[in-house]
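Student: Please walk me through the labels used for this structure. I want to know what stands behind each one.

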Amino acid sequence: MSSTQVYRIHIKASPQRIWDAITTPEWTSRYGYRGENHMELRPGGAFRGMSNAGMIAAGAPELGVDGEIVEVAPPFRLVQTWRMLMDPDHVPEGFTRLTYELKEGKDGITALTVTHEIGDEAGLAQLLSGELEDMGAGGGWPWILSDLKSLLETGSAMAG
């Protein structure tokens, strides 16, 4: 059974500020799993999501996720492929499709929708949903997006 996860969060920040937080290593290293994401923001450009120092010390590879940029329309839409490299069990699952959509609303609030088309891999779907958090696998997209919101609205990331 094919899996698509959709997350929507409202953030009191401009689309450009959220775009920058999603697409620049200076920002991506400050929330979520705190790894730098490097993106060549053009169709066909590379995406490289680096593991943080703690992950590497625990045995994770330096390159945690990779992919290719498919579509870029700053600051409102980014589509890319995404493949989990951190866990060797997930590497054979191949590439998934990840879409960020930002819609500017009233009062300085932007809706961020993240759609992750995972496919048939139930284990990866559990990991990305945060279902395996109690087993030490992290909080997936809910954790990343909550931390992003906290950082942009308060200037501080959540503890973790």
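Tutor: Start with the elements: helices (H or I, at least four residues) and strands (E, at least two) are DSSP runs, numbered from the N terminus. Ser-146, for one, has its place in helix 5. The model is predicted, so local features need pLDDT of at least 70, side-chain atom pairs count only at pLDDT 80 or more, and totals for chains, interfaces and linings use all residues. Residues are numbered from 1 along each chain as its sequence is written, and side-chain values use heavy atoms, with hydrogens and water left out.

Student: Why is Ser-146 called partly exposed?

Tutor: Buried means under 20% relative accessible area, exposed means over 50%, and partly exposed is in between (1.4 Å probe, protein chains only). Ser-146 has 32% relative accessibility, so the label is partly exposed.

Student: What makes a residue a contact of Ser-146?

Tutor: Contact means heavy atoms within 4.5 Å. Leaving aside neighbours within four places in sequence, Ser-146 is in contact with Ile-9 and Met-158. A C-alpha distance is a separate value: Ser-146 and Tyr-31 are 9.0 Å apart, C-alpha to C-alpha, and 115 residues apart in sequence.

Student: Why does Gln-80 count as buried?

Tutor: Gln-80 has 0% relative accessibility, which means buried. Its place is in strand 5 (residues 77–84). Beyond the neighbours within four places in sequence, the contacts of Gln-80 include Met-39, Phe-47, Val-70, Leu-98 and Tyr-100.

Student: What makes Gly-67 buried at 14%?

Tutor: Gly-67 sits in strand 4. Its relative accessibility of 14% is under the cut-off for buried, so the label holds. Not counting residues up to four places away in sequence, Gly-67 touches Gly-45, Ala-46, Phe-47, Thr-81, Trp-82 and Phe-95.

Student: How do you know that helix 4 is roughly parallel to helix 5?

Tutor: Two packed helices are described by the angle between their axes and the distance between the axes. Axes are lines fitted to C-alpha atoms, for helices over the stretch in contact, and angles run from 0 to 180 degrees between N-to-C directions. Helix 4 and helix 5 pack at about 25°, with their axes 3 Å apart. That makes helix 4 roughly parallel to helix 5, because angles under 35 degrees count as roughly parallel, over 145 as roughly antiparallel, 65 to 115 as roughly perpendicular and the rest as oblique.

Student: Which residues meet there, and how do they divide by class?

Tutor: Leu-127, Leu-128 and Ser-129 in helix 4 meet Gly-140, Trp-141 and Pro-142 in helix 5. The residues of this contact divide into four nonpolar, two polar and no charged. Ala, Val, Leu, Ile, Met, Phe, Trp, Tyr, Cys and Pro count as nonpolar, Asp, Glu, Lys and Arg as charged, and the others, Gly among them, as polar.

Student: Which residues of helix 4 are buried, and what covers them?

Tutor: Leu-124, Ala-125, Leu-127, Leu-128 and Ser-129 are buried. The cover includes strand 1 (3–12), strand 5, strand 6, strand 7 (109–119) and helix 5.

Student: What makes a space a pocket?

Tutor: Picture a 1 Å grid over the protein atoms alone. A cavity is a set of points where a 1.4 Å probe fits but cannot get out, and a pocket is an open set with protein on both sides within 12 Å along at least five of seven lines. Lining residues have an atom within 4 Å of a point. Grid points are joined across faces, edges and corners, and a volume is the space filled by probe spheres set on the points. The largest pocket has a volume of about 790 Å³. Of its 36 lining residues, Tyr-33, Trp-82, Met-84, Met-86 and Ile-144 are the closest to its centre.

Student: Which element gives the most to that lining, and how many residues of each class are there?

Tutor: Helix 5 gives the most, with five residues. By class, the lining of the largest pocket has 22 nonpolar, 12 polar and two charged residues.

Student: Why is Asp-107 called exposed, but Arg-34 partly exposed?

Tutor: Asp-107 has 64% relative accessibility, so it counts as exposed. Arg-34 has 26%, so it counts as partly exposed. Asp-107 is in the loop between strand 6 and strand 7, and Arg-34 is in the loop between helix 2 (25–28) and strand 2. Asp-107 has a positive phi of about 60° although it is not a glycine. Phi of Arg-34 is near 65°, also positive in a residue other than glycine.
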